[in-house]
Each structure stands twice: as structure tokens, then as C-alpha cells.
Amino acid sequence: MFPTVQCSYGNRVYYLSLEYYMGRTLQNTMINLGIQGACDEAMYQMGLDIEELEELEEDAGLGNGGLGRLAACFLDSMATLGLAAYGYGIRYEYGIFAQKIKNGEQVEEPDDWLRYGNPWEKARPEFMLPVNFYGQVIDTPEGKKWINTQVVFAMPYDNPVPGYKNNFVNTLRLWSAKSPIEFNLKFFNDGDYIQAVFDRTLAENITRVLYPNDNFFEGKELRLKQEYFMVAATLQDIIRRYKASKFGSKEHHRTDFDLFPDKVAIQLNDTHPSLAIPELMRILIDVEGLPWEKAWDITKRTCAYTNHTVLPEALERWPTSLLESILPRHLQIIYHINFLHLQEVSAKYPGDMDRLRRMSLIEEEGEKRVNMAHLSIVGSHAINGVAAIHSEILKSGVFKDFYELTPEKFQNKTNGITPRRWLLLCNPNLSDIIEEKIGSDWAVHLEQLAQLKQWAKDPVFQRSITKVKQENKLRLAQMLEKDYGVKINPASIFDIQVKRIHEYKRQLLNCLHVITLYNRIKKNPTAPFVPRTVMIGGKAAPGYHLAKKIIKLICSVGNVVNNDPIVGDKLKFIFLENYRVTLAEKIIPAADLSEQISTAGTEASGTGNMKFMLNGALTIGTLDGANVEMAEEMGTDNIFIFGMTVDEVEELKKRGYNAYDYYNRIPELKQCVDQIQGGFFSPNNPDEFKDITNVLLNWDRFYLFADYESYIKMQDHVSKVYQDESKWVEMAINNIASSGKFSSDRTIAEYAREIWGVEPSWQRLPAPHEPRDI
């Protein structure tokens with residue numbers, strides 16, 4: 001399909017994800033092909049502006065947040081490292097909703113990103129495949145048979161994924177649901193032809209829309225269908241490719257599955273594609289006729305599972321009643337996997353009934369459910385967390401029993417970001433300065449940025465870094481003034497928190513800091529004050545009441561702060577509407593301070609933290625997720641760490657957390673809470689934010705007040721350091737220079753070597769016009 005060399009040996013890697021948050025493709029493709037300058041110049045000579053063209057492209061918003069963006073960075077790295085890798089997912093007709101703020105409230109609008117078509121995709125109807133739902137399972141002399149199913153077709157659309165300047169192009173294949181051709185004849189007998197046509201759309205609804213939940217499981221039938229639809233189509237495709245020894249061939253040459261795990265590596269991006277495990281078992285046993293033991297050995301050695309969250313409300317648990325109706329054969333297979341798994345557990349821990357209950361794939365309390373994380377662990381040969389601290393929490397906490405049973409399965413793969421999009425593309429002036437100092441190889445060997453440390457104190461280099469940051473800030477300030485009508489002081493600290501709105505990410509803590517600063521200015525308007533512009537951006541899940549209230553509070557506080565003449569340009573508070581990949585590319589290069597303030601032990605990794613670091617922003621954060629490793633890489637004197645550690649959070653949980661202890665002891669905190677509660681920021685509706693203060697005072701699982709004092713003290717320290725320009729920029733250079741570890745190239749090289757059994761390559765293939773050795 002796309003001009004690439006296919007390897008005839010070794011593993012092909014299949015990355016399965018329900019989300020790919022790709023953003024725009026044009027500029028990234030020009031950079032990776034090494035033709036951006038030429039295109040820019042050519043268009044300029046025609047009197048056209050390439051930036052105007054780039055602004056016309058829609059974001060491909062096929063993801064919610066970190067998990068989907070990570071998948072996109074991984075695709076870029078897999079192509080850049082020359083891996084024979086395929087991304088598989090769903091071609092949602094509507095991606096993550098467009099967020100509009102009306103009267104301070106989030107309103108969701110459909111993201112009709114395909115309205116004008118998608119020039120990057122190529123439909124492949126010749127590879128269309130059937131997917132089955134519902135029906136019954138019968139016993140036949142040949143074994144189990146799944147019959148009377150409803151069929152939906154999966155139409156593949158291929159999107160090219162070019163590596164960076166290596167002439168290597170991989171494919172992202174996204175499936176779209178198509179109704180089967182034949183109508184239900186019953187309708188013709190009734191003469192209801194029109195109804196028959198209407199009913200076709202029911203099947204096609206499967207790929208209509210992305211579920212807009214991040215870190216939250218919603219057990220909807222349509223979502224289960226999406227998960228199985230993607231997995232079933234993908235596995236048929238993988239097996240077709242395995243059986244055909246010639247590239248692109250549909251002929252079957254290989255019928256023996258012994259080599260399958262050596263030729264195929266399947267990575268499950270969280271539990272969303274975990275039905276791949278029972279589906280591969282079903283194909284191997286029911287279709288290919290393998291015995292259970294052999295099928296199970298092949299499945300386990302083929303699949304690997306990445307866990308992305310420890311929040312209990314995010315873990316997928318599907319009711320058995322739903323599975324029995326939609327996927328009856330798969331439920332039988334899951335039951336048998338569980339039966340054999342529990343036999344193994346009881347052999348190792350005889351008589352330990354509580355352990356059997358905890359480790360079962362089937363949860364019996366209340367409605368009977370299948371725990372998809374347990375299924376993924378049992379059916380995979382490797383399980384990884386996405387930051388060192390997160391992987392340790394998996395082993396000592398949520399999956400402790402499984403770690404004790406099979407410790408060899410558990411690994412860590414700290415997340416990374418692609419330096420092509422997150423530095424070369426979004427911050428070209430900073431890239432140029434780095435290139436002047438250390439050459440251009442860093443774009444594929446990010447660890448080379450460490451060389452910049454030698455110039456951290458050099459006044460000339462400091463000045464050039466400061467100049468780039470100032471230009472980026474001015475550009476953002478102009479954009480914000482145009483979009484929000486708020487005049488911004490470009491000399492202020494640009495203090496930015498952009499991520500999904502969620503209680504655990506603690507945008508409310510940030511909000512309390514802004515209110516505290518506002519109260520200090522009001523109390524003593526002439527006191528010296530380091531100016532700040534605080535920006536928060538992110539989408540709330542449409543059904544997440546409290547997250548939407550948090551957005552309303554941010555907008556209401558901003559309204560008061562930004563219009564108070566006494567405050568002037570000392571403090572501004574802005575909610576950034578419709579945060580998405582394209583907006584991130586504009587915001588991140590302009591940031592001075594990055595807010596990574598989740599309660600320790602809740603953020604698996606975070607990747608926004610790495611993007612800010614790479615672009616020379618300093619981080620204020622807790623010892624959570626990848627912040628821990630960032631602090632290790634750069635040294636604690638280059639990052640602003642505050643708040644409780646994971647152990648201290650656990651200790652507080654055991655002791656019992658009482659928010660009123662802090663509320664009554666800390667006057668500034670009490671004042672903030674009273675203002676929110678008393679309607680100071682919502683004079684027309686004093687009870688507007690009662691839900692927020694009620695949660696903070698009585699039900700706060702994320703212990704905001706326990707970290708408030710430490711956070712405010714550290715923010716005061718941030719302001720103090722910012723006044724010493726040379727010290728601040730020295731810290732910024734040390735941040736950039738310590739980012740090498742956080743390239744997704746490093747992450748993917750580790751997956752390749754330690755899980756997939758393939759070796760990355762930095763070799764450049766000849767370009768299409770160059771002679772090649774065949």
C-alpha cells in the first residue's frame with residue numbers, strides 16, 4: 001500500500017488501541033520526509049502562505065487524552081526505528097467532541113472531522129472482513145460452533161505513518177463498520193423496503209462515535225461492540241498476513257501456527273482490546289482446529305498488555321449477561337481460561353479461598369462481571385506499567401496477587417513523546433538553537449541533548465533561549481487577546497495546566513492557588529508581586545458533573561480576577577477552550593511553568609509533563625507518575641516538588657483524612673473555601689459551587705487540603721526564583737538537556753527488545769528515486 005520494505009523474517013508488531021489522538025498530519029509529514037523547507041519556499045514563490053494551508057486541516061481527534069496521544073507518538077517512533085509495525089484501531093466518524101464555553105459552562109459539539117473527507121486515508125474495500133455478534137453456540141462432532149450470528153462488515157482505511165528521514169512508511173489501519181449487502185427478506189414480504197434501508201444504519205453505528213470518557217469505565221453495549229469489532233477484524237487481518245508468505249498476497253502458504261508467536265507480536269493498549277485474547281483462542285480452536293493447550297500457549301506468547309491506570313473506576317468490568325448475549329462463545333472461552341487459571345492458583349496456594357476470589361477473572365459480588373485486566377494479565381506473556389512508580393504500584397497494590405504468581409511477566413516501560421512533533425514541529429526556533437550547538441542528530445537520538453548542560457550557565461546561550469521563549473510567549477499572548485479579549489502581560493509567569501479535567505488531576509488545587517493570590521493582592525495592593533498568567537485547559541467527560549462544575553468555577557474566578565482594576569496585569573486567569581493536539585502545539589512552547597499536581601499514586605505516567613520539560617518549562621509537581629523520573633534525570637534542584645509522597649498518602653488514608661482539620665487550621669485556605677461556598681464568585685447563584693465545596697470538605701478522595709500548604713509555599717518559591725532570570729533560564733536549559741530519556745524512541749526500543757523480540761534499526765532506506773540493492 002505505502003512504499004515500504006516489508007521484512008520477511010522476525011516479528012511483525014501489531015499495536016491495538018481504541019484511541020489514536022493524531023492531531024494534524026500535513027506539517028508532521030513534511031518534517032519527517034525532510035521537505036518542509038522546500039514546500040514552504042515553493043508556496044511562498046506562488047504567493048501562498050503555508051501556515052494558512054496548515055490551519056485548514058482538521059485535527060484527527062480519535063482519542064480522549066494521554067492514552068490516545070501516546071499511541072500516536074508510538075506510531076511515529078515505530079516507523080522512525082524501522083520496525084515492521086501496524087497500528088490498528090477504529091475510524092470514528094465523530095472524534096472527541098469540540099468544546100465550547102458558553103456562560104462559563106462546557107457545551108459539547110460533535111466533531112465532524114470527516115466532513116470534507118480525509119486526504120491521508122485510502123479505503124481498502126478488497127480487505128473488507130465480516131464480524132459476528134449475538135447468535136448461539138452448538139456442539140458438533142468437530143467441536144463448538146457459533147451460529148445464527150448477525151454480521152457486520154469491517155472496511156479498512158489505511159493511513160501512512162512516515163518515519164523521520166528514513167524513507168520508511170508504516171500503516172495505521174482503521175476499521176469502519178459497514179452493513180451487509182443483503183436486506184432482511186422479511187421486510188420485502190411486508191413491503192417495508194424503506195425500513196430495511198434504515199436498519200442498515202444500525203450496524204454502521206458501531207464506528208460512529210468515540211466514547212468521550214477518560215479514566216472512567218462506562219459499561220455500554222455499543223462500547224463492547226466497538227471493542228470486539230476492532231479486535232475481530234484485526235485478528236483476521238493478522239492471521240491472513242501470517243498465512244500469506246508473499247507481501248500483499250491473499251493466498252495461504254503457511255498453515256502451521258507453531259511459528260505464530262515468533263512472527264506476530266500483539267500489544268494491547270490498556271484493556272480496551274483485551275477481547276483479542278478470547279478471540280484468538282476462538283480462531284485457533286474453533287476455526288483452525290488446534291487443541292486448547294497449544295492454542296493457549298500461542299495466545300499467551302503472542303499477546304502483551306500495557307496497563308494505564310490504577311483508578312478503580314477506570315478498570316473495565318463487563319457484565320457476563322452482556323457478554324452472553326453479544327459474544328456467547330467468548331464467554332465460554334473466558335470461563336474455561338478462568339477454570340484453568342484458578343486450578344493453577346489453588347495448586348500453588350492450596351486452601352486459600354480468599355486469594356482465589358481475588359484472582360478470579362469473574363467477579364461474583366453483585367452483578368457477575370468479567371474483570372478485563374485480570375483476563376489481560378493471565379492471557380499475556382508481558383504486563384507493563386508506564387512509569388517506574390506506576391509499575392511498582394501495580395506489583396505491590398492492584399495486581400499484587402498476580403505478581404506473586406508470575407513475577408517474571410511484570411515490567412516497566414516509562415512513557416515517552418516524539419521529539420519530532422513536540423520540538424521540531426511545535427518549537428522550530430528552539431530546535432534551530434539546539435542544532436547550532438550540537439547538530440541535528442538529536443531528533444532521533446534525544447539523549448544527545450545532554451550535551452547542552454555545558455552551556456547551562458553560559459550568558460550568550462541563556463540569552464538565545466530566553467529570546468525564543470519570549471517570542472513564543474508574545475505569540476501566545478496575541479492569540480489569547482484575540483480569542484478571549486484578555487490583555488496579557490508577556491513578562492508574567494505563564495503558568496499552565498492542560499489535561500483532561502478530573503478530580504485526581506487536581507485542577508481545583510490550582511484554582512485555590514489563584515484565589516489565594518487574588519486575596520493577597522486585594523489585601524495589600526501595593527505589596528511587591530511577581531505577575532502571573534494562569535491558564536487551565538482540558539475537556540470534561542459529558543456525564544462527569546463535578547468536572548463540568550470545575551470548569552464553571554475556573555471561568556467564574558477568572559471573570560472576577562480579570563476584571564478587577566486593583567489586580568490589573570499582576571494576575572490573569574484563563575480557561576483555554578477546546579484543548580486539543582493543535583492547541584497544545586501552540587501553548588507548550590510558551591509555558592514557563594508546567595502544573596503536574598495529581599495526588600501521588602494516581603497519575604500512571606503523564607506525558608504532557610515531558611512535552612513541557614522538552615520545551616524549557618519548569619515543572620511544579622508531586623512525586624507522581626513520570627515526575628519522579630524527571631526529577632531523577634534533572635536533579636531535584638531543577639524541579640519544584642511539593643506535597644505528600646505515595647507512602648504519606650497511604651499513611652493518611654490509614655489514619656483517616658479529615659478536611660476540616662486543614663480548613664480550620666489554615667486561614668488562607670478557609671477564606672478561599674468560604675468564598676467559593678458563599679457565592680463570592682457566583683453572586684447570581686450563591687449555591688452554584690456547593691457541590692464542589694461539599695466534595696472538598698467531606699468526600700475528597702484526592703486530599704487537596706492536605707497538599708494545599710506545601711503547594712502554596714512551593715508556588716511562592718517559584719515566584720522568587722523567577723525574579724532571578726539567569727537562575728531560571730539555567731534551570732530551563734537543564735530541563736531541556738535532561739529530556740533524552742523521555743523520547744518515545746527510547747520507550748519503543750525497550751518494547752521492541754524486551755517484549756516484542758525485534759531489534760530497532762536506525763538505518764535509512766534508499767528513497768524511491770535512488771538505486772537500491774535488491
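Author: Start with the naming. Helices (H or I, at least four residues) and strands (E, at least two) are DSSP runs, numbered from the N terminus. The loop to look at runs between α6 (193-204) and α7 (221-243), and Asn215 lies in that loop.

A word on the model. It is predicted: local features need pLDDT of at least 70, side-chain atom pairs count only at pLDDT 80 or more, and totals for chains, interfaces and linings use all residues. Residues are numbered from 1 along each chain as its sequence is written, and side-chain values use heavy atoms, with hydrogens and water left out.

Take Asn215 in turn. Most residues other than glycine have a negative phi. Is Asn215 buried or exposed? Asn215 counts as buried, because its relative accessibility is 18%. The cut-offs are these: buried means under 20% relative accessible area, exposed over 50%, and partly exposed in between (1.4 Å probe, protein chains only).

Arg208 is found in the loop between α6 and α7. With 21% relative accessibility, Arg208 counts as partly exposed. Which residues does Arg208 touch, neighbours within four places aside? The contacts are Tyr92, Glu93, Tyr94 and Thr201. Contact here means heavy atoms within 4.5 Å. Ile90 is 118 residues from Arg208 in sequence, yet the C-alpha atoms are 9.5 Å apart.

Beyond neighbours within four places in sequence, Val231 is in contact with Leu16, Pro273, Leu275, Ala276 and Glu279. Glu19 is 212 residues away from Val231 along the chain, and the two C-alpha atoms are separated by 13 Å.

Compare another loop residue with a positive phi. Asn103 belongs to the loop between β5 (98-102) and β6 (105-109). Its phi is near 55 degrees, and Asn103 is not a glycine. Asn103 is exposed, with a relative accessible area of 75%, whereas Asn215 is buried.

Next, Asp59. This residue is in the loop between α3 (50-56) and β3 (60-62). Asp59 is buried, at 11% relative accessibility. How far apart are Asp59 and Arg580 in sequence and in space? They are 521 residues apart in sequence and 8.0 Å apart in space, C-alpha to C-alpha. Arg580 is also in contact with Asp59, along with Gly23, Arg24, Trp113, Val581 and Thr582, once neighbours within four places are left aside.

Asn519 lies in α20 (residues 507-523). At 9% relative accessibility, Asn519 is buried. Outside four places in sequence, Asn519 touches Gln671, Cys672 and Gln675. Lys473 is in α19 (residues 459-484). Lys473 is a buried lysine, at 0% relative accessibility. Val560 is 87 residues from Lys473 in sequence and 24 Å away in space, C-alpha to C-alpha. Not counting residues up to four places away, Lys473 touches Pro490, Ala491, Ser492, Phe494, Ala590, Asp592 and Tyr722.

Helix α29 (residues 704-722) packs on α30 (residues 725-737) at about 110 degrees, with the axes 7 Å apart. That makes the two helices roughly perpendicular. The contact uses Val718, Val721 and Tyr722 of α29, with Glu725, Lys727, Trp728 and Met731 of α30.

Finally, the whole chain. The secondary structure comes to 31 helices and 25 strands. Along its principal axes, the C-alpha trace spans about 90 × 65 × 60 Å. Buried residues make up 60% of the 774 residues.

Conventions: Axes fitted to C-alpha atoms, helices over the stretch in contact; angles between N-to-C directions. Parallel < 35°, antiparallel > 145°, perpendicular 65-115°, else oblique.
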